[in-house]
Amino acid sequence: MNIIMLGAPGAGKGTQAAVLSEHFGIPTISTGNMIREALKNGTEMGLKAKSYMDEGKLVPDEVVIGIVKERLAEDDCKKGFILDGFPRTIPQAEALDKMEVDIQYVINLDVSDERIIKRMSGRRVCENCGRPYHLVNLKPKKDGVCDDCGGTLVQRKDDHPDTVLARLDVYHKETEPLAAYYKKQGKLVDVVGQDDVDETTDLILKAIEA
Ligand code: ADP
Ligand code: ZN
């Protein structure tokens, strides 16, 4: 099964991707995590992406399309995958259509701007493996420590309030049109994102396993 997670920054794409990944036994491909990883490793791509990311802007299409194409060619994607944070623009969606993969579902997580802004202040991420957490909605077992790898939980630079507004703006302009794009392809599954992670997961599974 090949799935795309769509929705605003902070709508819960990454969280739900992790749950679905485990449920279906398929990998999550998170462009945000891949770019942050490149940055940590000091690669040329990572350094190029940094300024865009820090300002809440999108990294250029050709860069992101290149890394996704390479990643999808790896063996573990053959049994299925979940795309988290890609595509984010119409040109990215068109490029994906040209790669030889069949997408079954595009899960569009609907959360209001107001709730996103509230949520973002509590968002934390594992510095080591990228797993997302939330101080209220999705607590780790031990404060400040990742359940999976023991890494330290940090607030992302681009989760600071001003940058969040810039990212929402970019989302409405560039990414929101993808809902209509996939609706036309008959793949769109609209899900209202709940504050409770398990409730959202239930809604998604009901919608795609029905
Ligand atoms: P969120 O979904 O919470 O916004 P991500 O980790 O997916 O966070 O993305 C963080 C940043 O990484 C984006 O603001 C952007 O700069 C960059 N990025 C990630 N995915 C893409 C993409 N598909 N196209 C362009 N830029 C991207
Ligand atoms: Zn971790």
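Is T28 buried, exposed or partly exposed? T28 is partly exposed, with a relative accessible area of 29%; buried means under 20%, exposed over 50%, and partly exposed in between, using a 1.4 Å probe and protein chains only. This is a predicted model, in which local features need pLDDT of at least 70, side-chain atom pairs count only at pLDDT 80 or more, and totals for chains, interfaces and linings use all residues. Residues are numbered from 1 along each chain as its sequence is written, chains are lettered from A and ligands numbered from 1 in the order in which they are written, and side-chain values use heavy atoms, with hydrogens and water left out.

**T28 and its strand**
- T28 lies in strand β2, residues 28-30; strands (E, at least two residues) and helices (H or I, at least four) are DSSP runs numbered from the N terminus.
- T28 and C77 are 49 residues apart in sequence, and their C-alpha atoms are 9.1 Å apart in space.

**Ligand 1**
- There are 20 residues around ligand 1, and T31, K57, R88, R123 and R167 come nearest; a residue counts if one of its heavy atoms lies within 4 Å of the ligand.
- By class, this shell has seven nonpolar, five polar and eight charged residues. Here Ala, Val, Leu, Ile, Met, Phe, Trp, Tyr, Cys and Pro count as nonpolar, Asp, Glu, Lys and Arg as charged, and the others, Gly among them, as polar.
- Helix α2 gives the most to the shell, with four residues.
- An N or O atom in the side chain of K13 is 2.9 Å from an oxygen atom of ligand 1.
- A nitrogen atom of ligand 1 lies 2.8 Å from a polar side-chain atom of T31.
- A nitrogen atom of ligand 1 also lies 3.0 Å from a backbone N or O atom of V59.

**Second largest pocket**
- The second largest pocket has a volume of about 470 Å³. A pocket is an open set of points on a 1 Å grid over the protein atoms alone, where a 1.4 Å probe fits, with protein on both sides within 12 Å along at least five of seven lines.
- The lining of this pocket has 19 residues, with R36, K40, V125, E127 and R156 nearest its centre; lining residues have an atom within 4 Å of a point.
- Helix α2 supplies the largest share of the lining, five residues.
- The lining divides into six nonpolar, four polar and nine charged residues.

**A cis peptide bond**
- F86 and P87 are joined by a cis peptide bond, with omega about -5°.
- Most peptide bonds are trans.
- P87 is found in the loop between β3 (81-84) and α5 (90-98).

Technical notes:
Points joined across faces, edges and corners; volume = space filled by probe spheres on them. Polar contact = N/O pair within 3.5 Å; in protein donor to acceptor, adjacent residues only side chain to side chain.
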